[in-house]
Amino acid sequence: MKSVIVGTAGHIDHGKTALVKALTGIDADRLEEEKRRGITIDLGFAHMELPGPGGEALRLGFVDVPGHERFVRNMLAGVGGIDVVLLVIAADESIKPQTREHLDILQLLGLQRGITVLTKSDAVDRDTLDVVRLEVEEFLRGTFLGGPSSSIVAVSSLTGEGLDELKQALIHAVGVVSARDAQALARLPIDRVFTMKGFGTVVTGTLVGGTIRKEQELEAFPSGRLVRVRGVQVHGKPADAAVAGERTALNLAGASTDDLSRGMTLAPPATLVATRRIDVRLRLLPSAPRPLKDRARLHFHAHTMETVAQVVLYQAKQIVPGDEGFAQLRLPEAALLLPGDRFIMRQFSPVTTIGGGIVLDAAPIPKAPAGDTFFETMAGGDPALILRARIARRQHEGISLSRLIAETGWNRNVIEAKLSAAEREQQVLRIGDRFAETRAIEELKLDLQRTLEQFHKKNPLVGGIGREQLRERLKASAEVFAVVAAALVREKKLEIAGDLVHLAGRGVAMKDEEAESKKIMEDAFAAAGLKVPALREVMAGLKVDRTRAQKIVTLLLRDKTLIKVSEELVFHRSALAELRRQIAAYRAKSSKIDVAQFKELTGVSRKYAIPLLEYLDRERVTRRIGDERVIL
Ligand SMILES: Nc1nc2c(ncn2[C@@H]2O[C@H](COP(=O)(O)OP(=O)(O)O)[C@@H](O)[C@H]2O)c(=O)[nH]1
Ligand SMILES: [Mg+2]
């Protein structure tokens with residue numbers, strides 16, 4: 001059965017609640033105060049069924065909104081989920097301030113379908129009705145209610161005149177509305193929370209997408225509380241499931257009425273992410289009293305939620321009335337919003353509607369503002385292009401499937417289907433759990449080769465760069481690095497020896513004499529123990545020239561084969577390790593050692609003893625106190 005939500009809109013006292021009652025038999029003014037004062041304060045709900053054009057049943061859920069200017073925020077909590085509007089204008093009063101404001105809001109929300117109802121037709125004569133009709137036609141021109149296919153119906157809720165015509169118009173309007181996606185991820189913005197005797201906590205809302213079943217687990221956003229659906233009611237009747245486009249009541253376990261409130265959203269657990277920053281396209285109404293400045297603070301309304309937002313404009317210093325632009329909205333607390341969600345902005349004082357817009361991205365990357373091209377693609381609405389742009393902006397790191405689900409609100413099947421062509425044509429690569437643009441991966445491959453090229457140039461005597469070091473330089477994750485390195489190895493551009501990575505045919509640039517010299521030098525020092533030869537002498541005895549010899553020394557110092565203890569003295573690391581062992585063993589006998597004892601212990605002359613002891617002080621093996629050293 002097709003379910004569609006019909007909302008009312010229009011100025012106070014124009015007969016919205018009476019019209020809903022005349023159509024459905026249900027009085028949507030449910031609060032005691034509403035009945036006593038005869039005005040609608042909060043949202044009211046009703047439902048009816050109508051036979052569709054092909055004889056099938058159409059289920060209509062009604063959301064009746066307050067018309068009073070003081071309760072526009074309640075009206076906003078209700079219109080978010082509607083598919084078709086009944087714009088109510090009393091024939092005896094014609095267009096009034098909230099007629100205008102509500103129509104502005106409906107336009108900003110991007111509503112496509114509706115019927116204009118001239119109510120209280122019994123209260124005016126024919127001529128007046130004709131005049132009002134002309135006024136209203138003029139008023140609606142250029143709006144979604146002004147087209148040739150949208151109707152204006154005169155009705156009297158008192159006498160019932162025009163009701164049949166209105167029902168026919170409703171059947172037509174509801175028939176052309178496309179059904180909301182029941183396969184999408186479920187989202188239920190909460191509009192009421194209360195307790196019912198014998199049931200416990202109950203929430204209601206218009207299910208904007210997906211399906212919610214009995215016994216299902218849901219997460220409340222932004223609090224993160226997990227709840228379980230004990231029972232489902234649709235349009236006042238128990239059901240096994242509620243599907244997109246239905247007025248839904250859920251009996252919940254796991255939360256009290258204190259834990260939930262209007263403005264929160266229920267969705268499948270651990271799937272979506274609430275956010276405090278959203279990138280949007282926003283539009284300022286032509287009737288807005290002044291330009292919208294960068295950093296302005298405004299009331300922000302989306303779905304049933306209401307908060308304050310700061311506007312950070314991306315392009316201009318300001319947006320003038322009637323114009324639009326890209327902006328980031330910053331919210332004081334996280335909210336669950338997804339691309340495509342519409343919102344309304346109202347200024348602080350006086351509190352009036354000045355604009356609204358559409359969410360383009362609820363997962364902006366910090367410190368990397370998206371450009372116009374990205375926003376245009378998001379606004380363009382082509383799912384494949386949207387996914388490609390979301391993958392591309394993550395460069396070679398790509399984006400995981402679960403993150404794509406969170407960013408788009410689309411389910412796994414949709415995403416995989418929309419990416420299948422790009423994958424087949426190898427424009428997009430799948431690496432483990434993530435998608436990356438082939439171009440970005442190719443770029444990383446080049447980057448890796450360039451980095452190695454530079455490394456080899458700078459370090460001609462080094463066999464290669466450490467895997468981990470290279471990965472960090474490229475800012476690549478282990479997963480992506482492994483894939484790229486493996487690909488380059490397959491292409492014979494790269495070789496990996498143990499932990500070292502080098503370009504194919506490079507990294508072994510050390511010529512024979514050099515390698516031999518290196519070995520001679522290392523061996524000379526290793527054999528000398530602490531009685532090391534003068535560096536100059538060793539270098540002079542090598543087959544290579546001075547510059548080369550110097551390079552070999554630098555190399556041995558860098559990889560800590562040789563260790564410099566003073567300007568003149570260089571030791572092999574094994575000799576210093578042996579020294580530490582000797583000192584540690586000596587400590588068993590005495591906690592102190594002086595220069596003479598040190599000379600005796602190690603067999604070195606004073607020329608070596610002093611720099612070695614100073615080295616040990618620096619290394620915190622010993623500490624000098626007067627003429628002695630304490631062994632630490
Ligand atoms: N004569 C007449 N009065 C109406 C009609 N519809 C509503 N009213 C009256 O107008 C007043 C406001 O109606 P209500 O439905 O509460 O207006 P709302 O504020 O737009 O919901 C009430 O006193 C209704 O009885 C109508 O078709 N004809
Ligand atoms: Mg009312």
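In the predicted model, ligand 1 is surrounded by 14 residues, of which D13, K16, A18, D122 and S157 are the closest. By residue class, this shell comprises three nonpolar, seven polar and four charged residues. Oxygen atoms of the ligand are approached by both backbone and side-chain atoms of the protein: a backbone N or O atom of H14 lies 3.2 Å from an oxygen atom of ligand 1, while a polar side-chain atom of T17 is found 2.8 Å from an oxygen atom of the ligand, and for a polar side-chain atom of K120 the corresponding distance is 2.9 Å. Of the 570 Å² that ligand 1 exposes when taken alone, the protein buries 74%.

Elsewhere in the model, D279, which belongs to strand β17 (residues 275–284), is buried yet forms no salt bridge, the nearest side chain of opposite charge being that of R393, at 5.8 Å. The C-alpha atoms of H11 and S94 are 9.5 Å apart in space, although 83 residues separate the two in sequence.

With regard to the backbone, most residues other than glycine have a negative phi, and most peptide bonds are trans. Against this background, the peptide bond from F221 to P222 is cis, with omega near 5°, and P222 is placed in the loop between β11 (217–221) and β12 (226–234). A cis peptide bond also links S349 to P350, here with omega near -5°, and P350 lies in the loop that runs between β23 (342–346) and β24 (353–361).

Positive phi values occur at Q395, where phi is near 50°, and at K492, where phi is near 60°; neither residue is glycine. Q395 is situated in the loop between α8 (383–392) and β25 (399–400), and counts as exposed because its relative accessibility is 54%. K492 occupies the loop between α13 (478–490) and β29 (494–497), and with a relative accessibility of 69% this residue therefore also counts as exposed.

Terms used. Residues are numbered from 1 along each chain as its sequence is written. Chains are lettered from A and ligands numbered from 1 in the order in which they are written. This is a predicted model: local features need pLDDT of at least 70, side-chain atom pairs count only at pLDDT 80 or more; totals for chains, interfaces and linings use all residues. Side-chain values use heavy atoms; hydrogens and water are left out. A residue is near a molecule or strand if one of its heavy atoms lies within 4 Å of it. A polar contact is a pair of N or O atoms within 3.5 Å; within protein, one must be able to donate a hydrogen and the other to accept it, and residues adjacent in sequence count only if both atoms are side-chain atoms. Accessible areas come from the Shrake-Rupley method with a 1.4 Å probe; for residues, only the protein chains shown count as cover. Ala, Val, Leu, Ile, Met, Phe, Trp, Tyr, Cys and Pro count as nonpolar, Asp, Glu, Lys and Arg as charged, and the others, Gly among them, as polar. Helices (H or I, at least four residues) and strands (E, at least two) are DSSP runs, numbered from the N terminus. Buried means under 20% relative accessible area, exposed over 50%, partly exposed in between (1.4 Å probe, protein chains only). Lys and Arg count as positive and Asp and Glu as negative; His and the chain ends are not counted. A salt bridge is a side-chain nitrogen of Lys or Arg within 4 Å of a carboxyl oxygen of Asp or Glu.
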